[in-house]
Amino acid sequence: MKIIKLASIDSTNKLARSYEPNSVLVASEQTAGVGRFDRAWSSGLGGLWFSIVYNCDRTPTQYTFIASLAVLDVIGIGDIKWPNDIFVNGKKICGILSESIYSGEKCLKVIIGIGLNVSNKLPTELNEVGIRLVDVKSGKYDLDKLLEDIINKFEEYCKMDFNDILALYKEKCFMLGKNVTVKKIDEEISGVAVDIDSDGNLILETDSGSVVVEEGDVTF
Ligand code: BTN
């Protein structure tokens with residue numbers, strides 16, 4: 001992997017569109033970091049903000065699952081909130097945004113953007129919902145080392161069969177077996193989160209039967 005280090009950039013995911021697979025763009029800060037559903041992602045100095053540009057061998061969802069496991073292994077704490085969040089003590093420490101880039105019908109690359117709160121200052125409005133690595137495991141963190149370890153783990157998991165990855169992901173996914181509500185753009189669905197299928201969809205058991213949820217925000 002070729003690592004490109006940047007001081008300040010709008011969004012590593014946006015810049016990654018013009019890079020070839022096997023590149024990693026990492027920025028000290030992002031001025032317009034993006035999350036799922038085009039939400040703003042706070043990305044001040046002290047956090048780890050990077051995008052891996054990778055091949056199209058797997059779907060964005062599969063890469064999101066792989067990246068979640070890689071981050072969890074490296075930080076050594078936390079659980080997964082389907083589909084793309086890592087939580088510690090009920091608060092979000094890491095978010096992942098994976099997207100495929102196409103030319104017509106042809107997939108050119110997948111961009112896997114990872115935002116990990118390390119020692120960055122969280123804005124006040126995120127105090128209740130966000131958490132940083134330094135809040136849960138005190139110490140001095142070397143962002144370069146964290147990056148290198150996550151990339152190495154990511155590449156290790158990429159060699160594995162997706163069924164094995166999915167089994168590990170499910171073990172770490174704390175919502176399975178719980179009553180949840182999934183908020184989608186135009187509807188809300190409540191039920192028990194019973195499983196995650198081989199496409200990475202969440203399976204809810206609702207009063208009117210089993211529902212396959214492809215995307216949305218889960219609340220408890
Ligand atoms: C989410 O939880 O909604 C996903 C957040 C993803 C944030 C990362 S930070 C690095 C990369 N660049 C971006 O603009 N977004 C991703």
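Predicted model: local features only at pLDDT ≥ 70, side-chain atom pairs only at ≥ 80, totals over all residues.
**Entry 1. The shell around the ligand**

I listed the residues around the ligand and found 20, of which S11, Q30, V34, R36 and K92 come nearest. Sorted by class, the shell holds 11 polar, 6 nonpolar and 3 charged residues. I then asked which elements supply these residues. At least two shell residues come from each of α1 (12-16), β3 (33-34), β5 (48-54), β8 (91-103) and β9 (106-116). Strand β8 gives the most, with 4 residues.

I looked up the distances between polar protein atoms and the ligand. For Q30, a polar side-chain atom lies 2.9 Å from a ligand nitrogen atom. For R36, a polar backbone atom is 2.7 Å from an oxygen atom of the ligand. For N84, a polar side-chain atom lies 3.5 Å from a ligand oxygen atom. I also recorded the areas: the ligand exposes 420 Å² when taken alone, and the protein buries 98% of that.

I returned to R36, whose backbone supplies the polar atom 2.7 Å from a ligand oxygen. I located R36 in the loop between β3 and β4. Is R36 buried or exposed? Its relative accessibility is 16%, so R36 counts as buried, the cut-off being under 20%. I then checked the separation of R36 and N84. They are 48 residues apart in sequence, and their C-alpha atoms are 9.0 Å apart in space.

**Entry 2. D38, in the loop between β3 and β4**

I examined D38, which is also placed in the loop between β3 and β4 (40-41). Its phi is near 65 degrees, a positive value in a residue other than glycine. D38 is exposed because its relative accessible area is 69%, and the cut-off is over 50%.

**Entry 3. N22**

I looked for N22 and found it in the loop between α1 and β2 (23-30). N22 is not a glycine, yet its phi is positive, at about 75 degrees. With a relative accessible area of 40%, N22 is partly exposed.

P83 has its place in the loop between β6 (79-81) and β7 (85-88).

**Entry 4. D217 and R39**

I located D217 in strand β14, which spans residues 217-219. Its relative accessibility is 19%, and D217 therefore counts as buried. I then asked which side chain D217 contacts. The side chain of D217 makes a polar contact with the side chain of R39, at 2.3 Å.

**Entry 5. D10 and K140**

D10 is partly exposed, as its relative accessible area is 34%. I also looked up how far D10 lies from K140. The two residues are 130 residues apart along the chain, and 26 Å separates their C-alpha atoms.

Conventions:
Residues numbered from 1 in each chain as written. Heavy atoms only, no water. Near = heavy atom within 4 Å. Polar contact = N/O pair within 3.5 Å; in protein donor to acceptor, adjacent residues only side chain to side chain. Areas by Shrake-Rupley, 256 points an atom, 1.4 Å probe, with all protein chains shown as cover. Nonpolar A, V, L, I, M, F, W, Y, C, P; charged D, E, K, R; others polar. Buried < 20%, exposed > 50% of the residue type's maximum accessible area, 1.4 Å probe, protein only.
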